[in-house]
Amino acid sequence: MGGDERSYRYDESYEEVVRLSDGQRLHLRLIRPEDKALLLAAFEQLSPDSRYARFMAPKTKLTEQELRYLTEVDGVDHFALGAIRRHLVSKDEGVGSARFVRLQDRPDTAEPAVTVVDSYQRKGLGSILLQRLVEAAWERDVRWFATELLAENTASRRMIESLSPEVKFRPSGDGAVIAMLPLPEPDQTPTAPGFLVGTPIYRMLSQIAQAAISVRPRATRPPKPPD
Ligand SMILES: CC(C)(COP(=O)(O)OP(=O)(O)OC[C@H]1O[C@@H](n2cnc3c(N)ncnc32)[C@H](O)[C@@H]1OP(=O)(O)O)[C@@H](O)C(=O)NCCC(=O)NCCS
C-alpha cells in the first residue's frame with residue numbers, strides 16, 4: 001500500500017458484511033484496479049441528479065483516465081471502499097463507494113466523497129460507508145475532512161451532521177457550501193445501522209462457506225506435562 005509499512009484494519013484483507021435498514025446484506029471491501037467494470041456499471045445506475053451531486057457538474061460518462069484514477073489508488077493518500085451486492089447467479093453489483101484524497105499541502109486533511117446508487121439510497125448505506133471511511137482515515141493520520149457540496153444536498157449534509165454535529169457549512173458561491181469537519185476518534189463515532197462481522201472468525205466462516213478452504217479435523221493436542 002503506497003510503500004507504507006504500517007498495518008491497517010482497512011487493508012486489502014478487510015471484508016465486512018453490513019445489513020441495510022431493509023435487511024439486505026452487502027459486502028464492504030477496498031476498491032481494486034480490477035473493479036473498473038463494476039464501478040462503471042454502478043455509475044450507469046446513478047440518476048443524473050446523483051451524478052450532479054457527486055461531481056457538482058453534469059456528468060454522462062466516465063473516461064478511461066477517470067476510471068483509472070478511481071480504482072488504482074494507493075490506499076494511503078487515496079483510499080477507496082466499495083459496497084457490493086453479491087448475487088447467487090449473476091455478477092457482483094457495485095452499489096456504493098466512499099473515498100478520501102489527502103490534501104497535498106495539508107496531510108492531516110482529506111477530501112471525502114460518498115456515493116450510493118439511487119436504488120440503495122435512504123437505507124443507511126451512506127452513513128455506514130462514511131463511518132468506515134472515518135475509521136480508515138483516522139488510522140492513516142487524517143484528522144479533518146474538507147468537503148464542498150451543493151447547498152441543496154440535504155442527504156450529504158445530514159450524513160455529515162450525524163457524524164460531526166457541530167459542523168458549520170459556509171456558502172462558497174454558485175449554490176455550494178464548504179465544511180471542515182474534525183474527525184471523531186473511531187471509538188466515539190456513532191454506531192452506524194449496520195452490523196460488524198468483518199472479524200477474523202467471520203472471515204474464516206465465510207471462507208468455509210465458500211468452500212475456499214477445506215476443514216480438517218483438528219490434530220489432537222498432546223496431554224499437558226505435569227508441572
Ligand atoms: C449522499 C448519499 C451518499 C447518502 O446515501 P444514503 O445511503 O442515502 O444515506 P443514508 O441512508 O445513510 O442517510 C443519511 C441521512 O440523509 C438523510 N437522507 C438520505 N437521503 C435523503 C434525501 N433524499 N433527502 C433528505 N434526506 C435524506 C437520511 O434520512 C439520513 O438522515 P438521518 O441520519 O438524519 O436519518 C447519497 O444520497 C448519494 O450518493 N448522493 C449522490 C452523491 C452525493 O451527493 N455524494 C455526496 C457528495 S460527494
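At what angle do helix 4 and helix 5 pack? Keep that in mind as you open the model, which is a predicted one: local features need pLDDT of at least 70, side-chain atom pairs count only at pLDDT 80 or more, and totals for chains, interfaces and linings use all residues. To find your way, note that residues are numbered from 1 along each chain as its sequence is written.

**Stop 1: helices 4 and 5**

Select helix 4 (125-139) and helix 5 (154-163). Helices here are DSSP runs of H or I with at least four residues, and strands are runs of E with at least two, numbered from the N terminus. The two helices pack at about 50°, and their axes are 10 Å apart. (Axes are lines fitted to C-alpha atoms, for helices over the stretch in contact, and angles run from 0 to 180 degrees between N-to-C directions.) That angle makes helix 4 oblique to helix 5; under 35 degrees counts as roughly parallel, over 145 as roughly antiparallel, 65 to 115 as roughly perpendicular and the rest as oblique.

Now show the side chains of Gly126, Ser127, Leu130 and Val134 on helix 4, and of Ala155, Met159, Ser162 and Leu163 on helix 5, which make the contact. Contact means that the C-beta atoms of two residues, placed from the backbone, lie within 7 Å. Colour these residues by class and you get five nonpolar, three polar and no charged. (Ala, Val, Leu, Ile, Met, Phe, Trp, Tyr, Cys and Pro count as nonpolar, Asp, Glu, Lys and Arg as charged, and the others, Gly among them, as polar.)

**Stop 2: the ligand**

Next, pick the ligand and the 22 residues around it; a residue belongs there if its C-beta atom, placed from the backbone, lies within 6 Å. Ala53, Gln121, Gly126, Ser127 and Ala155 come nearest. By class, the shell has eight nonpolar, ten polar and four charged residues.

**Stop 3**

Zoom in on strand 3 (residues 78-85) and strand 4 (residues 93-103), an antiparallel pair with eight bridges, where Leu81 faces Ala98. Strand 4 is also antiparallel to strand 5, again over eight bridges, and a hairpin of two residues joins them.

Then move to strand 8 (residues 176-182), which pairs antiparallel with strand 7 (residues 170-173) through three bridges. Here Arg170 has Ile178 as its bridge partner, and in the hairpin Asp174 takes a positive phi near 55°. Strand 8 is joined to strand 6 (residues 144-150) by seven bridges, also antiparallel, with Leu150 opposite Ala176.

**Stop 3: helices 1 and 3**

Finish with helix 1 (residues 36-45) and helix 3 (residues 64-71), whose axes come within 10 Å and cross at roughly 110°. That makes helix 1 roughly perpendicular to helix 3. Show Lys36, Leu39 and Leu40 of helix 1 with Leu67, Leu70 and Thr71 of helix 3 to see the contact: four nonpolar residues, one polar and one charged.

Notes:
Two strands pair if DSSP finds at least two bridges between them.
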